[in-house]
Amino acid sequence: MMSLNRSIFLSNAGISSSDRNGSVLTETTRKDVRDGAGSSSSAIDADSKSTVAPGGPHDVYDEDAATKEQVVTPWFVSVASGYTLLRDPHHNKGLAFTDKERGAHYLRGLLPPTVVSQELQVKKMMHIIRQYQVPLQKYMAMMDLQESNEKLFYKLLIDNVEEMLPIVYTPTVGEACQKYGSIFGRPQGLYISLKEKGCIHEVLRNWPEKNIEVIVVTDGERILGLGDLGCQGMGIPVGKLALYTALGGVRPSACLPVTIDVGTNNENLLNDEYYIGLRQRRATGQEYAELLHEFMSAVKQTYGEKVLIQFEDFANHNAFDLLAKYSTTHLVFNDDIQGTASVVLAGLVASLKEVGGTLADHTFLFLGAGEAGTGIAELIALEISKQTNMPVEETRKKVWLVDSKGLIVSSRRESLQHFKKPWAHEHEPVKTLLDAVNDIKPTVLIGTSGVGRTFTKEVIEAMASFNEKPIILSLSNPTSQSECTAEEAYTWSQGRAIFASGSPFAPLEYEGKTFVPGQANNAYIFPGLGLGLIMSGAIRVHDDMLLAASEALAAQVTQENFDKGLIYPPFKNIRRISAEIAAKVAAKAYELGLATRLPMPKDLVKHAESCMYSPAYQTFR
């Protein structure tokens with residue numbers, strides 16, 4: 001990869017150097033590169049007959065002699081060196097540059113004389129980050145590091161994943177999005193607003209990387225459990241893609257974060273002088289649909305059919321429609337609907353080793369009937385159908401949902417949104433969650449409501465009254481929106497609950513036993529799923545791939561984990577877990593005839609590991 005600095009001009013005589021501190025490309029050159037002239041080969045491979053402009057090698061803009069009538073080839077290539085190299089996050093190594101590299105790349109005098117290892121840099125950065133008491137300060141320090149030394153950022157995150165995951169993603173990323181305008185510094189990702197309607201393809205071509213494999217896109221309308229944050233939702237795609245690289249090994253240069261800005265209905269943001277998005281109410285209807293369709297078409301045209309597009313934090317009314325509309329024409333995945341479902345199903349499958357029976361033996365009750373709730377419910381029904389050969393219409397009857405109006409029952413069918421109708425079973429109307437628990441007597445209680453402290457003491461005590469080991473999953477994010485805390489779940493169930501949450505809770509002790517709450521974090525699933533799709537060249541996402549990912553994750557839970565109350569494996573092993581998930585997803589893609597990278601590798605796990613990005617520093621010539 002070539003980057004700006006150390007100008008090298010092409011001429012008949014060969015390659016000669018110019019200004020050591022670099023130059024800028026002419027507009028013609030930028031257009032040539034953007035249009036693909038430089039995307040498949042370096043400028044060194046350009047026409048060997050290219051000539052230096054008459055103004056001489058130091059006349060980099062052809063200002064002295066070039067005229068409109070003269071035909072010139074404006075190509076030039078530059079190699080990162082000197083001060084610019086230290087400002088290039090993709091290649092910067094800071095004090096880890098060796099003496100030989102400092103001499104070869106004009107770094108002498110620009111760095112103190114000492115040379116340190118990457119390991120020592122990680123140790124130093126962790127020491128600095130741990131000095132901060134406020135999580136948002138730690139988040140900002142990590143984002144600064146990502147923008148200054150990419151490999152060190154990922155090395156630190158991989159080596160300290162359990163400590164740093166809550167910083168770069170939930171719950172801290174929620175606060176970061178709320179304050180994104182105030183902490184905004186260097187822009188990350190692409191912002192596509194209504195102003196770009198009609199020229200989105202051109203906007204995508206402005207992105208410097210051309211070989212994009214994963215796009216995470218949001219419109220910011222439903223950020224975690226925090227509501228409409230508009231353009232400031234960019235923190236979510238940036239954070240998700242950092243995890244694609246750190247946990248799943250997808251190359252950073254292959255990742256593109258995108259925010260679709262159609263306005264916001266958040267009055268506080270519209271009146272905030274630091275807000276970075278369009279200051280207008282949200283566009284809806286045809287205007288919204290046309291912008292999204294142009295984006296989806298432009299992505300396919302620019303990056304091809306095998307680019308994975310992950311929808312993130314769209315409101316219910318758009319999330320289901322977008323997934324249904326584009327799942328047959330694009331490689332699309334909704335993490336809120338499908339990723340959450342897959343990770344929760346994995347936890348349920350794993351928990352069966354503790355509570356006994358099969359999924360079909362259990363009854364499931366949800367508080368929350370939005371994207372996450374209905375997505376999880378459907379995947380549970382599909383897995384039961386797969387295990388029992390019963391029609392999915394029948395297996396859905398094992399699953400009950402409660403929304404803001406009470407238990408979803410058949411008498412409410414006409415007034416229900418379309419995605420809730422499959423869950424309208426025959427039953428008398430029930431208004432409260434506690435009444436639903438007492439009537440349905442579920443073995444599994446799952447919270448996806450986005451409303452904190454709704455699993456009250458009475459609800460959990462009721463669950464414990466007719467279950468020896470009640471399974472209680474409090475999945476809403478961030479921590480403030482969790483339906484109950486780990487302490488509440490264990491205390492009110494007399495230490496008998498099998499508990500997991502969406503955001504992390506610290507280990508705690510109850511009656512002499514230490515419990516380590518599990519986290520049903522989507523980060524267990526989507527990095528490995530994405531890697532599996534990429535390495536197989538899949539062209540569509542199939543439900544069987546999500547089931548395969550769930551089964552692969554559940555298989556990683558050991559008896560030692562169960563003894564601590566965990567239904568998910570520790571995150572410290574996440575790269576190995578992601579490789580196992582990727583292998584199962586890829587195998588399913590080949591089985592379904594959806595893979596395009598042929599032939600299929602003999603050992604998919606080893607192949608997955610070999611495809612993973614390494615954050616170790618490279619040696620420069």
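Buried means under 20% relative accessible area, exposed over 50%, and partly exposed in between, with a 1.4 Å probe and protein chains only. The model is predicted: local features need pLDDT of at least 70, side-chain atom pairs count only at pLDDT 80 or more, and totals for chains, interfaces and linings use all residues. Residues are numbered from 1 along each chain as its sequence is written, and side-chain values use heavy atoms, with hydrogens and water left out.

**Exercise 1.** State at what angle helices α16 and α22 pack, and which residues make the contact.

Solution. Step one: α16 (residues 371-388) and α22 (residues 543-554) pack at about 85°, and their axes are 11 Å apart. Axes are lines fitted to C-alpha atoms, for helices over the stretch in contact, and angles run from 0 to 180 degrees between N-to-C directions. Step two: this angle makes α16 roughly perpendicular to α22, given that under 35 degrees counts as roughly parallel, over 145 as roughly antiparallel, 65 to 115 as roughly perpendicular and the rest as oblique. Step three: α16 contributes L379, L382, E383 and K386, while α22 contributes D543, L546, L547, S550 and E551. Step four: by class, the contact has 4 nonpolar, 1 polar and 4 charged residues. Here Ala, Val, Leu, Ile, Met, Phe, Trp, Tyr, Cys and Pro count as nonpolar, Asp, Glu, Lys and Arg as charged, and the others, Gly among them, as polar.

**Exercise 2.** Explain why E312, D313 and D336 can be said to gather at one spot, and characterise D313.

Solution. Step one: an unreviewed UniProt entry lists E312, D313 and D336 under "binding site"; such annotations may be inferred rather than shown by experiment. Step two: the three span 25 residues in sequence, yet no two of their C-alpha atoms are more than 6.8 Å apart, so they gather at one spot. Step three: E312, D313 and D336 are included in the lining of the second largest pocket. On a 1 Å grid over the protein atoms alone, a pocket is an open set of points where a 1.4 Å probe fits, with protein on both sides within 12 Å along at least five of seven lines; lining residues have an atom within 4 Å of a point. Step four: D313 lies in the loop between β7 (308-311) and α14 (316-326), and at 1% relative accessibility it counts as buried. D313 has a positive phi of about 60° although it is not a glycine.

**Exercise 3.** Classify the exposure of R222 and identify its contacts.

Solution. Step one: R222 sits in the loop between β5 (214-218) and α11 (235-248). Step two: at 25% relative accessibility, R222 counts as partly exposed. Step three: beyond its neighbours within four places in sequence, R222 is in contact with G227, D313, F314, A315, D336 and E371.

Key:
Helix = DSSP H or I, 4+ residues; strand = E, 2+ residues; numbered from the N terminus. Contact = heavy atoms within 4.5 Å.
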